[in-house]
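Visitor: I am new to this structure and would like to ask about it piece by piece. Please show it to me.

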Amino acid sequence: MSPLARIVEALLFLSNDPLTVGELADAGEVSEGEVVEALARLREHYAEGFRGVVLREVAGGFTLATDPVAERAARRLLARPRTPPLNQAQAECLAIVAYLQPVSRPEIARIRGVSSESAVGTLLERGLIEESGRSRFGAVLYRSTELFERLFGLTGLDALPDPSAFDPTPEEEGELRERLLRAGEQRAQPTQS
């Protein structure tokens, strides 16, 4: 397959909407004639009945679509309920576990300054963290899972971003400072029984 045909294929793969010959030519910095030729090569490559994906011309543009033979299976797959995104508490707990593992729930709560029971429970249910033994005080220790690495595109824990490279904007820095001050004030206030 020619380099241009591979570029057009990649653009069609990336786009949620059909792309016109003109859009493909602009993106590839080539003539429309060259794109038409590349599309002809792709049409041969994705001829119906040979692959699970076919090239379709729809709505004035081109798109990659599933072969009709896979439609029923694709509908069943896509009908599965989607996992909702992590909320802030869950993301914070997951980051703490990823960077400090093995770590206990009391340690997570101490770092965050708030109870983390619910967030840790959700992360366990979703399979992003798992139990990895007990601390010397008897608390359950947690570590991240292979699913966590796969979902975040990591080859291993050594591929986690270096936290020392975090360079917050002045606004982010101010927000972090405020949150830390509030957490410190709440901790300093005596609890009423």
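Visitor: How are helix 5 and helix 7 oriented to each other, roughly parallel or roughly perpendicular?

Guide: This is a predicted model, in which local features need pLDDT of at least 70, side-chain atom pairs count only at pLDDT 80 or more, and totals for chains, interfaces and linings use all residues. Residues are numbered from 1 along each chain as its sequence is written, and side-chain values use heavy atoms, with hydrogens and water left out. The axes (lines fitted to C-alpha atoms, for helices over the stretch in contact, with angles from 0 to 180 degrees between N-to-C directions) of helix 5, residues 88–100, and helix 7, residues 117–125, come within 9 Å and cross at roughly 75°. Angles under 35 degrees count as roughly parallel, over 145 as roughly antiparallel, 65 to 115 as roughly perpendicular and the rest as oblique, and helix 5 and helix 7 are therefore roughly perpendicular.

Visitor: How do the residues of the contact of helix 5 with helix 7 divide?

Guide: Helices (H or I, at least four residues) and strands (E, at least two) are DSSP runs, numbered from the N terminus. Contact means heavy atoms within 4.5 Å, and here Ala89, Gln90, Cys93 and Leu94 of helix 5 make it with Ala119, Val120, Thr122 and Leu123 of helix 7. Ala, Val, Leu, Ile, Met, Phe, Trp, Tyr, Cys and Pro count as nonpolar, Asp, Glu, Lys and Arg as charged, and the others, Gly among them, as polar. The residues divide into six nonpolar, two polar and no charged.

Visitor: What does isoleucine 108 contact, leaving aside its neighbours within four places in sequence?

Guide: Alanine 95, found in helix 5, is 13 residues from isoleucine 108 in sequence and 9.9 Å from it in space, C-alpha to C-alpha. With sequence neighbours within four places left aside, the contacts of isoleucine 108 are Cys93, Ile96, Val97, Val103, Ser116 and Val120.

Visitor: Is alanine 95 buried or partly exposed?

Guide: Alanine 95 belongs to helix 5. Its relative accessibility is 36%, so alanine 95 counts as partly exposed.

Visitor: What is the aromatic pair of phenylalanine 148 and phenylalanine 152, stacked or tilted?

Guide: The structure holds one aromatic pair. Rings of Phe, Tyr and Trp (its six-membered ring) pair if their centres lie within 6.5 Å; planes under 30 degrees apart count as stacked, over 60 as edge-to-face and the rest as tilted. The ring centres of phenylalanine 148 and phenylalanine 152 are 4.9 Å apart and the planes are at 40°, so the pair is tilted.

Visitor: Is serine 104 buried or exposed?

Guide: Serine 104 lies in strand 3, residues 103–104. Leaving aside neighbours within four places in sequence, serine 104 is in contact with Ala139, Val140 and Leu141. With a relative accessible area of 4%, serine 104 is buried.

Technical notes
Buried < 20%, exposed > 50% of the residue type's maximum accessible area, 1.4 Å probe, protein only.
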